[in-house]
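Please look through the structure shown here before reading the briefing that follows.

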Amino acid sequence: MPHESFQAMLVRKSQAGRITAAIETLSFDQLPPGQVTIHVLYSSLNYKDALALEGHPGVVRAFPHVPGIDAAGVVVESNDPRYASGDEVIITGGGLGERIWGGLSQFVRVPAEIVVPRPAPLSLQECMIYGTAGFTAGLCVAEIERHDVAPEAGDVVVTGASGGVGSIAVAILARLGYRVTAVTGKSAAHDLLRRLGAAEIVGREALHEAGDRPLLKARWAAAVDTVGGDLLATILRGAGPHSCVTACGLVGGDHLNLTVYPFILRGVTLAGINSVDTPMPQRRMIWEKLAEPWRPAGLNELLQTEIDLDQVAEYAGRLKAGQAIGRIVVRLPR
Ligand code: NDP
């Protein structure tokens, strides 16, 4: 190993139930078992990581825990024939930072099944600008295409548009020629969203004001919803005939107050998105698309804030409060 010990963000729970998160020095024998050991150079911050830092039971399965659902780095040891020392690899999801110690650490040891070779020509850092957020946006776009919603079909609405998943979805859809309506709660993000290609920007409240009839004026050919709750219900009520509404998030709530009319009268498809357990062939296909044909022009310049491990807690707080814009890449100490 290149190091005798290394640094990681450890979340602990005291006997009194108090959750703390702090950078600690670990030795390699503390890493969990796994076939591939990776020197992590970049990770990223996602909404789930902010939850993990608070010890949220939906993300953290056991304490102590290392959060970080994303990691990009170089293999230093492998017992699996698919990977050798020196290979550049990435991990997004697959249980990393949930049931497996995660990427907010200089080293991870993981099952080979969740490792993906770096999708060239993306650099490791660019892979983490995408991270799970970009991968999830990619899954949503793939689902919209699979349902044959062409750019000519009409507007695509993206909620939580200034967040990680939302901003990348706006950029990819605009690049593919869709007319994108971005829904955001932040006036400070309007310029960014326009530069990413949004044709229209709507405030969250304006969408809610659409009333509570079971069906609203058919407005959307497709949707990428990262918010859930009432906003998702409003979008489904206003979804057009044979539209595809992809749902991946719950920052605005986990309940859906809805009738079946959008489904049985308009043939609306509600497509659920799960980026954690995506089968490997689909995972690789999405990464290939993210690497070349879907890559937004402004990926590096527009979407990235780069931070160090000791800034993670501060930025996770901003994410949790819905204040972050774009993607937060974490640079691990070398
Ligand atoms: P971010 O925190 O980066 O973005 C979320 C955005 O949602 C915010 O920036 C804000 O955007 C908006 N928002 C925040 N709070 C509220 C609120 N109370 N009501 C309405 N909108 C709000 O998170 P991510 O993009 O990383 O993730 C978004 C969601 O998707 C999360 O719920 C996350 O858990 C989920 N997710 C799910 C995955 C899956 O596999 N299913 C994978 C990845 C993420 P704005 O101000 O522009 O409205």
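A salt bridge is a side-chain nitrogen of Lys or Arg within 4 Å of a carboxyl oxygen of Asp or Glu. This is a predicted model, in which local features need pLDDT of at least 70 and side-chain atom pairs count only at pLDDT 80 or more, while totals for chains, interfaces and linings use all residues. Residues are numbered from 1 along each chain as its sequence is written, and side-chain values use heavy atoms, with hydrogens and water left out.

**Salt bridges**
- The structure holds 15 salt bridges, and in one of them the side chains of Glu-54 and Lys-320 meet at 3.2 Å, N to O.
- This pair links distant parts of the chain, 266 residues apart, since Glu-54 is in the loop between α1 (47-53) and β4 (70-78) and Lys-320 is in helix α10 (residues 312-320); helices (H or I, at least four residues) and strands (E, at least two) are DSSP runs, numbered from the N terminus.

**A hairpin**
- Strands β1 (residues 5-13) and β2 (residues 19-27) run antiparallel and are joined by nine bridges, where two strands pair if DSSP finds at least two bridges between them.
- Lys-13 stands opposite Ile-19 in β2, and the two strands form a hairpin with five residues between them, including Gly-17 in the turn, which has a positive phi of about 90°.
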